[in-house]
Amino acid sequence: MRRLRFLTGGESHGPRLTAVLEGLPAGLELDEVFINSWLKRRQHGFGRGGRQRIETDEVVVTGGLRNGRTIGGPLVLELENRDWKNWSEIMDPWAIDEEQALSRAVTRPRPGHADYSGGASTDQLEDMRNVLERASARETGARVMAGAVCAQLLARYGIAQRSAVLQLGPHVVSDGPPTWDGLAGVDFDSPLVTPHPDREGDLVEAVRAARTDGDTMGGVVGGVVRGLPPGLGSYAHWDRKLDGRIVQALVSIHSVKAAAVGAGIEVAGCLGSAAHDAIRVVDGRLRRDSNRAGGLEGGVTNGEDLVARAYFKPISTLRKGLPSVDLTTGEAGATAWERSDVTAIGAAPVIVESMLALVLADEMLVKLGGDAIIDTDAAWAALCRRLEPWWRPGAR
Ligand code: EPS
């Protein structure tokens, strides 16, 4: 992040999760109902585990906001872990019940999770709970609170998002890069949040079958952002190229092992004549026949929809276990299981939107600046004037 600073803190079974977002202009109006609607989306999805029945995620703002507007200080967003009451003796920050903690110690690392790699890194291999507590995907709750704030900044300038599950395991619902219109049919309350809720019956059956087998599933999630002005990002510096920042942000989501911009995967196999997006003038504005570039050329937005996909591996906590080794004895043994999601893919669209919003709000503020929102608004109006006649906000 260059203009915004964003940090999360807290463990999965600790008292609460915290997100700190610093660098927003003062005077920005925020809507609590909207943030909570995103948190609700994150708890959703067919195939989630028992944890979501315990939790009711709702934002508590403890800094940086007064009367619904930012006031210049860091925005501090908190989320209660209701499950904390079941873990307080094991997870207490000052003094734990050693006997109970030993009975819940994690000594057989799960293949695919951070247990071994994180334990090796921090010298916590004797009980990898210290690692998994922080590595858990519950941390995405903090990201979603901050992402929902950033989405409200983007909305102020007419920038909107859509997202959906495009694939569950081997079941492809929507092939290739997503489009704005192609995501119009998404229903956030449908079991698997695909663009075709009427076709989700087979997916629900696939999740049921995986659950019966004690197995897990991943998938592909697509996001489209409409309304971005051309010129966000940089063609000049590797660490400021916006395609690089987007992919980093998406791969930082738990379970994501790959990410793509536009038709990045498909065009690798095409000739150049079939890989790019012809430029034309339509109604006095620059338009494209296609959007294979996914709204980014040379690491900079080009005014078309920004299109990205994130590829989620199956969750690494399996009820049937995976081969591992007990690091206290050196003996082979299957990984332990208490509870887990069969798939969390239904929660992934709002997490993808959150990461896109965080990066794009940062880029907008790099471009526009402003310690007060009226200054940011004035810079936006000036930028829109400068980009005429080839681009106009909101006109498609
Ligand atoms: C999650 C909470 C966790 C897991 C899941 C996501 O709860 P618990 O560990 O208490 O069951 O359900 O975490 C993971 C997938 C993971 O790999 O750690 C949540 O709130 O999203």
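**Enclosed spaces and cysteines**

A cavity here is a set of points, on a 1 Å grid over the protein atoms alone, where a 1.4 Å probe fits but cannot get out; grid points are joined across faces, edges and corners, and a volume is the space filled by probe spheres set on the points. The model is a predicted one, in which local features need pLDDT of at least 70 and side-chain atom pairs count only at pLDDT 80 or more, while totals for chains, interfaces and linings use all residues. Residues are numbered from 1 along each chain as its sequence is written, and side-chain values use heavy atoms, with hydrogens and water left out.

Around the second largest cavity they are Leu 21, Glu 22, Gly 23, Leu 24, Thr 70, Gly 72, Gly 73 and Leu 75. This lining has three nonpolar, four polar and one charged residues (Ala, Val, Leu, Ile, Met, Phe, Trp, Tyr, Cys and Pro count as nonpolar, Asp, Glu, Lys and Arg as charged, and the others, Gly among them, as polar). The largest cavity holds about 40 Å³, and its lining comprises five nonpolar residues, one polar and one charged.

Turning to the cysteines, the count of disulfides (pairs of cysteine sulfur atoms within 2.5 Å) is zero. For Cys 384, the nearest cysteine sulfur belongs to Cys 150, 19 Å away. Cys 384 is buried, at 8% relative accessibility, whereas Cys 270 is partly exposed at 36% (buried means under 20% relative accessible area, exposed over 50%, partly exposed in between, with a 1.4 Å probe and protein chains only).

Note on methods. 1 Å grid on protein atoms, 1.4 Å probe; cavity = no way out; pocket = protein on both sides within 12 Å on 5 of 7 lines; lining within 4 Å.
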